[in-house]
Amino acid sequence: MEIKTLLIAPYPALEHVMEECIKIDHELNMHIELANLQEAIPIAKEAEKQGIEIIISRGGTAQLIEQEVNIPVVDIHVSGYDMLRVLTLANDYPGKKAIVGFSNITIGAKAITDLLEIPIEVFTIEDAKEVEPLVNQLKIDGYQLIIGDVITRDAAAKSNLEGILIQSGREAIFEAIKEVKSIYRMLRKQRLQMTIMQTAIERQLLDVIVVNGEGTIVYENWAIFDRTQVPIKKLINGIHKKNYIQEELDIIETNQHKRIKQMIVPINFEGENHYLFAFSLLDELVPENPLHIIDVQTQPVIISKSEKMKRCIDKIDSNLNNNYWILIGKSGTGKKQISKLIHYKKNRGIGFLGILSAAACLTMKNQIDSDIRSIYINEIEMLSARELSLFVEKVKTIHASGITVIIAIDTIDTEIYNSISYSDFTRIDFPTLFERKEDIRPLAALFLAAFHAEFGTSAIKIKEEALQVLESYTWPGNVEELYILIRDAVREEKGFVIGKRLIQLLLGDRLNKIESIDNEFLQGTLVEIEKRIIDAVMEEEHYNQTKVAERLGINRTTLWRKLKQ
């Protein structure tokens, strides 16, 4: 804490005492000016414009400044020690003596002179204009020593009388500094609360807590939730692990295991970090809402060592401005994972991804949560022709609200193809896992590491001969099937290395089926084997002759001729 403070000293000695005091206390960023009464006002006004937070002065000067500025003014009071010092100094002075000043001086002086029976008269003034006439009258009345503030001492000098200035000692200065700190803490707290309230109002937040960098709650307000529902201690511990530098949106679980939204807003208040945590209900908490909401905070890992997957990723990167996407690929090829990638790349982790089926999309009555930026819709194949027409209109409505729509289909269905205007969509065709064999090893390694971290399993490597088995298998269940297989393998393997025998055991009858299929393919004449191969590739490529010809390494005319045979 460094408080921007100005001392306007009515007399030079006060400046010196203050300099000594601030050497001891370093919290004040102190600037000192020498000025008395009216001459102090323009200095104070300019200081306020320059960002000075608190002004310190004394007596009549402090009172005048306070009327002219909108920042706190601390008056250095005349302490009992100050009064005793000056009365002790004046006590042995010959002749009649008087104290002249405002009530802040004279009330204390009168109490001491009466109590100690010191023969000094006390005169109180209410306006600085009264000082000079009063001093002149005291001279006529035979007074020889006048004690008071700067204005009193100057008036005594004009009348050729001896004058003693009541000075403020270190005790009074430290009391003033203490008051400055107290006022500053109060003002700072008010400014922080105003900043918090402004942030909450701008974002229409109700349930909030604000934590400083040390993890202390400095503000909280609860409207919908009870504070016991929110894992506050866990959130506070989290700020020490993660340095929030920008606004973030998360989904967390309450202590009752319900999912709620959490917004984290970093607030840099006067050089110190604070974190506003705001909590609100997820729309999915309404039973009628079939939408599942997920928070994609980090970019999903997509293995793309194969050329076909590289093309998919490149197409995504070059079409991020589009809000309509069609993902075409067999079950298990990773369409949902790719939808997370599209959502993250488009929004950089801001906002949520909603997931639901096409049928649920038709029945969804609730308004979509305002923080959902993308929606992934699957199982369109389950819709009837009439439902498909209604679905298309629903999708248009969702898209019109600014949400990115990602539709997943397993195959190119003619009815679906004709119902949706594909020209508006970015289309991504996903290869089967068998078509991207180069990705099998890195995928297996990725899953192995993930399960090791999640379950604490011992297996950390797959033998080369086991990897060869994985590469030779056709993977009808695609990436999802590989995922399940590796999960089963790490749970069953008690050693550090997964071998060929365990993989074969887990694949079981599936491997035998492949071998029998291979044997069937090899039965008959060359023409018959060739026809079986063409028919199989045609089915895999959804009867797209251009793609079939490309895979078989022949031109379309040759393919057409062979199909006619």
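Leucine 115 lies in helix 5 (residues 103-116), where helices (H or I, at least four residues) and strands (E, at least two) are DSSP runs numbered from the N terminus. With a relative accessibility of 69%, leucine 115 counts as exposed; exposed means over 50% relative accessible area, buried under 20%, and partly exposed in between (1.4 Å probe, protein chains only). The model is predicted: local features need pLDDT of at least 70 and side-chain atom pairs count only at pLDDT 80 or more, while totals for chains, interfaces and linings use all residues. Residues are numbered from 1 along each chain as its sequence is written, and side-chain values use heavy atoms, with hydrogens and water left out.

Strand 9 (residues 207-212) is mostly covered, as 6 of its 6 residues are buried. Asp207, Ile209 and Val211 point one way from the strand, whereas Val208, Val210 and Asn212 point the other way. Strand 9 runs antiparallel to strand 13 (residues 272-281), to which 6 bridges join it; two strands pair if DSSP finds at least two bridges between them. Valine 210 has leucine 276 of strand 13 as its bridge partner. An antiparallel pairing over 4 bridges also links strand 9 with strand 10 (residues 217-221), and here valine 211 is partnered by isoleucine 217. In this hairpin, with 4 residues between the strands, glycine 215 takes a positive phi near 90°.

Leu276 is also among the residues with the most contacts inside the largest nonpolar core, which has 42 residues. A nonpolar core is a set of buried Ala, Val, Leu, Ile, Met, Phe, Trp, Tyr and Cys residues joined through side-chain atoms within 4.5 Å.
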